[in-house]
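Here is a short tour for anyone meeting this structure for the first time. Have a look at the picture, then read on.

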Amino acid sequence: MDYSVIFSYMYTEIALTGVIVAALLYDLIAGKRGRRFFHPVMCTLMLLFIAGTVFPYHKDSGEIFGGMYVYTPVYGIVKSVLAIGTLIVFLQAGSWLRREDTRFKRGEFYVLTLSTLLGMDFMISAGHFMMFFIGMELASVPMACLVAFDKYKGNSAEAGAKYILSALFASGLMLYGISFLYGTTGTLYFDDMPAKIDGSALQILSMVFFFSGLGFKISLVPFHLWTADTYQGAPTAVTSYLSVISKAAAAFTLMVILVKVFAPMTEYWQLLLYIVIVLSITVANVFAIRQKNLKRFLAFSSISQAGYIMLAVISGTPYGMTSLIFYVLVYMVANLAAFGVIAAVEQNSGGKMDMDDYNGLYKTNPRLSIIMTLALFSLAGIPPFAGFFSKFFIFAAAFEEGFHVLVFIALINTVISLYYYLLVVKAMFINSNDSPIATFRSDTGTRLGLVLCLAGVLALGIASSVFDGISLYSFGLMQ
Amino acid sequence: MEYTTLILLLPFLGFILLGLLGTRLRPGVAGAIGTIVTGVVAILCYWTAFEYFGAGRDASGVYPVMIPWNTVWLPFGGSLHIDLGIMLDPISVMMLIVISTVSLMVHIYSFGYMKGERGFQRYYSFLSLFTMSMLGLVLATNIFQMYIFWELVGVSSYLLIGFYYTRKEAVAASKKAFIVTRFADLGFLIGILIYGFYTGSFSFTPDAPLMGTAKMLLPVALGLMFIGGAGKSAMFPLHIWLPDAMEGPTPVSALIHAATMVVAGVYLVARMFPLFIGYAPEVLHITAYVGAFTALYAAVVACVQSDIKRVLAFSTISQIGFMIVALGVCTSSDPHEGGLGYMASMFHLFTHAMFKALLFLGAGCIIHAVHSNEMSAMGGLRKYMPVTHITFLVACLSIAGIWPLSGFFSKDEILAACFNFSPWMGWVMTAIAGLTAFYMFRLYYCIFWGKENTELHTEHRPHEAPLSMTLPLVFLAAVTLVAGWIPFGEFVSSNGQAYHIHIDWTVAGTSLCVAALGIAIATWMYLREDRTVADGLADRFSGLHKAAYHRFYIDEIYQFITHKIIFACISTPIAWFDRHIVDGFMNLLAIVTNKVSWAIRQMQSGYIQRYSIWFLGGALGLAIILLLV
């Protein structure tokens with residue numbers, strides 16, 4: 001076997017494995033003094049990793065291991081997006097990892113996070129359901145450890161338990177669905193399956209079960225119930241990772257599998273998505289309005305954003321796929337900015353994260369307040385921020401495929417979402433507070449991460465070349 | 001020629017820099033930054049023109065359209081997309097010269113004129129913004145990009161008219177300008193959308209010949225676009241904002257409301273000219289009638305105004321009318337066969353920009369010297385301000401159409417084009433040209449000759465403006481003297497082929513005679529210190545005089561329509577509907593959302609067992625729905 005082929009297609013995963021091994025070794029060898037530099041070392045390593053893998057090495061697709069692993073340029077783009085997001089999370093996690101009670105285990109944080117990233121990369125590149133499932137589990141199990149990272153805190157432990165139990169349940173159901181698929185088609189290869197799929201009752205059931213597994217990851221209604229509790233309990237860095245990276249990978253994989261494997265059942269999964277989108281956007285909005293805790297609030301916001309992402313999936317077109325990746329990218333910078341601010345405030349104010357705590361934040365920390373405001377504006381889709389453009393694209397994608405009513409419902413929901421996003425802005429700028437959070441300077445990593453996110457929020461919409469660049473490689477249903 | 005992107009980028013950076021630093025910069029430094037940036041941009045523009053025209057014609061005898069830079073900015077999924085880019089063709093390159101030259105002159109001039117003003121830095125940052133927007137407008141590769149910059153130009157105009165924001169009139173004028181042009185732009189936008197929807201593209205020239213509905217609706221789209229152009233170019237009856245816009249600083253009037261922004265409508269029609277000729281010649285002719293009427297109306301009003309800036313404003317409206325007429329009378333795209341007007345219009349745009357900027361800057365010097373806009377405060381100023389006097393006279397002779405100044409050549413081509421279209425149109429426009437000579441020389445005599453306001457002048461002796469202000473005057477006067485000899489047809493013509501300008505001496509002779517007559521009458525009426533003739537005429541035709549002085553009550557008609565009809569009969573019911581029905585619906589939405597939110601909060605109970613039940617139940621429920629459908 002020619003190993004160079006493996007290297008040339010699997011370069012992202014191989015490089016990432018290298019980074020993980022390096023992190024493990026560094027943790028072992030560096031000693032107490034060396035570990036003080038753990039954070040900059042890891043950020044540099046991630047930067048090198050991104051620099052080495054950001055540009056696709058191949059212009060065309062390829063398969064290795066008999067079709068178990070598939071390479072397409074657009075997968076490379078998504079993996080790069082995820083890696084960049086992870087880097088931003090790392091940057092923002094610095095001050096939390098330096099704390100007394102987490103310092104001794106920071107190596108674990110990097111290794112676990114990167115392991116989940118590796119799992120997602122494999123999940124994206126899967127060409128076979130077994131490969132896909134292994135990738136997904138690799139992304140799930142370390143994730144549970146991350147959620148329970150502050151294991152001596154009740155919240156974090158509870159969140160971890162809830163996450164792993166829900167994940168197990170979802171995986172079980174999904175595996176059950178996949179076994180039905182195997183039973184009816186006799187294969188687990190993505191490429192062979194469409195020919196044998198005919199939309200029988202059993203296959204519909206298996207499709208829904210499969211969908212529920214990924215729906216859990218993306219936290220779509222009705223598979224979302226773990227989200228709020230887990231987001232609230234997990235350390236903020238983990239929450240932001242969970243809300244962006246994990247979600248993005250699952251959403252993209254879902255689209256790929258739906259258009260590749262379930263192409264003969266397009267009308268069924270479109271109906272399924274239709275229901276799920278309406279439920280997700282509406283229910284999440286309804287819950288978000290009442291939240292007092294900012295992390296819980298952003299949890300529901302992320303559920304509703306997941307519903308919007310599905311608007312791109314439902315179109316099934318190359319334009320939809322481009323919109324999805326673009327939406328995910330824009331959502332990533334905005335959400336990471338919001339969580340970055342929350343983390344900074346939490347670190348510097350002794351764990352404050354209720355909306356009332358943010359009253360009058362503008363007076364004491366104007367820059368953080370402005371970043372938070374811009375991030376929320378982008379999430380709400382107000383022009384000229386990137387979020388407006390990304391929403392515009394996904395609406396256009398769904399509208400063109402004839403989902404007019406659905407787009408209309410989504411539009412009404414953006415109005416509602418504007419209300420609750422503005423509640424936070426109002427708290428920071430207008431509400432008065434006798435004892436606001438004191439003025440503080442956040443650490444360099446956090447600031448760097450926030451600046452990156454802010455640049456994305458401001459520039460991604462205007463810079464059209466990003467969208468164009470993605471659209472060169474996107475694909476959709478073969479018609 | 002990628003460096004052309006700098007033409008847009010530099011003024012934009014200048015705007016950002018000056019805007020962000022604001023008063024942290026010393027006024028002189030801010031002005032210097034703005035001027036240097038504009039100077040570099042002007043050099044780039046000249047270099048672009050040199051390279052573009054230097055590259056020569058292609059095999060078919062036209063200067064090829066060049067797109068040095070283009071990017072798809074907003075794709076719509078189908079074939080439709082909005083591009084951002086830079087397009088060079090003869091008229092856009094010509095406009096680059098006009099805009100950068102006048103802008104640079106105004107930048108230099110403002111050093112003297114705006115000295116000591118509060119908000120000097122803000123002024124220069126707005127000027128940079130305007131320069132960037134206007135350059136972007138002319139360089140646009142497609143109609144939508146043009147629209148974006150069109151609006152940016154409108155915004156910067158709004159900001160600059162309202163520069164003295166503490167003055168009530170200035171604020172009102174800026175609002176008026178913005179609202180009137182925005183209202184017209186609505187037509188433009190609808191036109192663009194119709195155009196884009198039916199032709200499947202926003203480019204200036206559709207890829208394939210238009211068929212069916214697209215062909216049928218194109219005249220409508222073009223007509224709507226012309227409404228937008230008419231708003232910016234102050235065509236009757238959308239002209240009402242321009243005279244009021246004179247509340248802005250005078251250099252701004254020179255740059256925006258005389259030389260560049262107000263000719264955007266002309267530029268738009270010229271840009272869409274192939275479509276107009278190909279699919280909607282009748283719409284083009286309508287624009288000619290609108291233009292002719294506007295030219296006449298504005299010329300009559302200009303004869304009786306007493307504020308020198310108002311006279312110039314109406315003169316601008318009238319001259320833009322000439323340009324629109326010249327485009328409108330075209331009947332084919334061959335300059336030898338009824339397409340002469342295109343070249344004539346662009347030529348006049350070019351010469352007019354120079355001498356009208358000169359007139360405004362001269363007026364600025366005068367206002368600077370006597371601290372008033374009213375003619376009654378002037379008279380006999382030639383003794384005090386020799387440079388301003390001579391340059392102003394050059395500009396007046398040019399706009400009156402006296403050989404060998406630039407206005408003569410361009411106006412002659414316009415009149416020739418009008419006579420080709422119909423003798424009737426030719427004579428009307430010739431008469432208006434005579435009227436132009438009359439009111440310009442009335443202005444000239446009232447400022448520099450006539451009875452001096454000695455009372456005011458002894459109290460505050462008028463003085464010549466500083467060098468930073470006279471230098472631009474001299475430069476623009478020099479351009480006005482020689483610009484007529486430019487073989488303009490060699491660069492710009494309706495079909496792109498070289499067109500050799502030849503002067504039709506019957507037309508030229510007639511117009512010269514008429515202009516001379518106009519000047520003679522003005523001399524007879526206004527040169528002397530006592531104005532018995534003028535006052536006697538004003539008394540005899542007092543009704544007409546009063547009506548013209550009040551601009552034929554067009555503003556009052558607008559007031560009546562907006563306040564009495566639109567506000568009372570349309571807006572009030574809509575406001576009620578909004579207050580009660582729309583807001584009511586929104587409130588209902590909020591109440592329902594809150595109620596539902598309380599009702600289903602049990603779903604989020606915190607018990608993992610229940611979550612699993614929801615999960616399984618949800619999955620099964622969805623499966624059942626799919627199976628049943």
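## Chain A at a glance

Of the 479 residues in chain A, 59% are buried. A residue counts as buried if 20 or more other C-beta atoms lie within 10 Å of its own, as exposed if 12 or fewer do, and as partly exposed in between, with C-beta atoms placed from the backbone. Before going further, keep in mind that this is a predicted model: local features need pLDDT of at least 70 and side-chain atom pairs count only at pLDDT 80 or more, while totals for chains, interfaces and linings use all residues. Residues are numbered from 1 along each chain as its sequence is written, and chains are lettered from A and ligands numbered from 1 in the order in which they are written.

Chain A is built with 22 helices and two strands. (Helices, H or I with at least four residues, and strands, E with at least two, are DSSP runs numbered from the N terminus.) Its radius of gyration is 21 Å, close to the 23 Å that the globule rule gives for 479 residues, so chain A is as compact as a globular protein of that length. That radius is taken over C-alpha atoms, and the rule is 2.2 Å times the number of residues to the power 0.38. Along the principal axes, the C-alpha trace of chain A spans about 65 × 55 × 40 Å.

How does the chain fold back on itself? Take the contacts in chain A between residues at least 6 apart in sequence: 80% of them join residues at least 24 apart. Two residues are in contact if their C-beta atoms, placed from the backbone, lie within 7 Å.

Helix 16 of chain A runs over residues 318-349, and its 32 residues reach 46 Å from first C-alpha to last, close to the 46 Å expected at 1.5 Å a residue. The expected span is 1.5 Å times one less than the number of residues. Helix 16 of chain A is mostly covered, with 30 of its 32 residues buried. Just after this helix comes Gly350(A), with a positive phi of about 75°.

Helix 19 of chain A has 15 residues and reaches 21 Å, close to the 21 Å expected. Eleven of its 15 residues are buried, including Phe389(A), Lys391(A) and Phe393(A). What covers the buried residues of helix 19 includes helix 15 (294-315), helix 16, helix 18 (366-380), helix 20 (404-429) and helix 21 (444-459) of chain A. Helix 19 is followed by Gly402(A), which has a positive phi near 95°.

## Where the chains meet

How many residues of chain A are in contact with chain B? There are 33, and they are in contact with 25 residues of chain B. On the chain A side, the elements that give two or more residues include helix 9 (154-185), helix 14 (266-288) and helix 19 (386-400). By class, this side has 24 nonpolar, four polar and five charged residues. Here Ala, Val, Leu, Ile, Met, Phe, Trp, Tyr, Cys and Pro count as nonpolar, Asp, Glu, Lys and Arg as charged, and the others, Gly among them, as polar.

## The cores

The largest nonpolar core has 208 residues, and Val325(B) and Ala357(B) have the most contacts inside it. Helix 14 of chain B (residues 340-370) gives the most to this core, with 21 residues. Apart from it lies another core, of 192 residues, among them Met143(A), Ile257(A), Leu258(A) and Met372(A). A nonpolar core is a set of buried Ala, Val, Leu, Ile, Met, Phe, Trp, Tyr and Cys residues joined through C-beta atoms within 7 Å.

Leaving aside residues up to four places away in sequence, Ala357(B) touches Val102(B), Met105(B), Ala254(B), Ala258(B), Ala259(B) and Leu476(B).

In chain A, look at the loop between helix 11 (201-218) and helix 12 (226-233), where Pro222(A) is found. A cis peptide bond joins Val221(A) to Pro222(A), with omega about 10°. Ser219(A) lies in the loop between helix 11 and helix 12 too, and has a positive phi of about 55° although it is not a glycine. Ser219(A) counts as buried because it has 29 C-beta neighbours inside 10 Å.

In chain B, Pro237(B) is found in the loop between helix 7 (212-232) and helix 8 (241-244). The peptide bond from Phe236(B) to Pro237(B) is cis, and omega is near 0°. Ala234(B), in the loop between helix 7 and helix 8, has a positive phi of about 55° without being a glycine. With 29 other C-beta atoms within 10 Å, Ala234(B) is buried.
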